[in-house]
Amino acid sequence: MRVLYYKSMKKTNAMRILDSAHISYGTTSYDDDGEHELERGAAESIAAKLGIDPHIVFKTIVMRTEAKELCVFCQSAVHEINLKKARAAAGAREISPVKPDELLALTGYVRGGCSPLGMKRQFRTFVDSKALEYEKIYISAGVRGEQIIIAPGDLVKAAKAEVCDLILEES
């Protein structure tokens, strides 16, 4: 695993939260070429650039319930989120992804650089249970092209997240 630690790198909100909680993490970078418009395949692209298993690249999905509550979901980027499971986890009748053009104003992050840590407000957060199968996972550091490498249990602790099953079962 190629892990780079940058002393001169500007800290993101996500990194500051981990630092203040005394949680160990690493960082690594990849060249961002704007491929975040891809619905599927972005995890494979990032994983290939980093030389890692795409199953350990975790994406952050921000969704809105029918009651207008924002909820954050973090799961392996190679899978689609199961909306029925997301609704059940959030206790909502309806749930839908926040539009990309709303993301920055609501969270402080842009699409492709959205971290489950360090948003403008603390939203209820859910991490897929598959994360716990891995020693380390990769999440966005809060900017495109930068990843945080973290133990899943530490992510759950830092995000004050609930662990649940979120992925769409493949047939």
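## Overall make-up

The protein has five helices and eight strands, taken as DSSP runs numbered from the N terminus (helices are H or I with at least four residues, strands E with at least two). Along the sequence they follow the pattern α-β-α-β-β-α-β-α-β-β-β-α-β.

Of the 171 residues, 49% are buried, meaning under 20% relative accessible area with a 1.4 Å probe, protein chains only. Among contacts (heavy atoms within 4.5 Å) with a separation of 6 or more, 61% join residues 24 or more positions apart.

## The three-stranded sheet

Let's turn to the sheet. Its three strands run in the order E1-E7-E6, forming an open, antiparallel arrangement; two strands count as paired if DSSP finds at least two bridges between them. Strands E1 (26–29) and E6 (137–140) are at the edges with a single partner strand each, so one side of each has no neighbour in the sheet. The twist averages 35 degrees from one strand to the next, with axes fitted to C-alpha atoms and angles running from 0 to 180 degrees between N-to-C directions.

E6 pairs with E7 (residues 146–150) over four bridges, and Ile139 has Ile148 of E7 as its bridge partner.

## Helix H2 against the sheet

Which residues of H2 (residues 42–50) are buried? They are Ala42, Ala43, Ser45, Ile46, Ala47 and Leu50. These buried residues pack against E1, E6 and E7. Just after H2, Gly51 has a positive phi of about 70 degrees.

## Notes on the model

Residues are numbered from 1 along each chain as its sequence is written, and side-chain values use heavy atoms, without hydrogens and water. In this predicted model, local features need pLDDT of at least 70 and side-chain atom pairs count only at pLDDT 80 or more, while totals for chains, interfaces and linings use all residues.

Note on methods:
Buried < 20%, exposed > 50% of the residue type's maximum accessible area, 1.4 Å probe, protein only.
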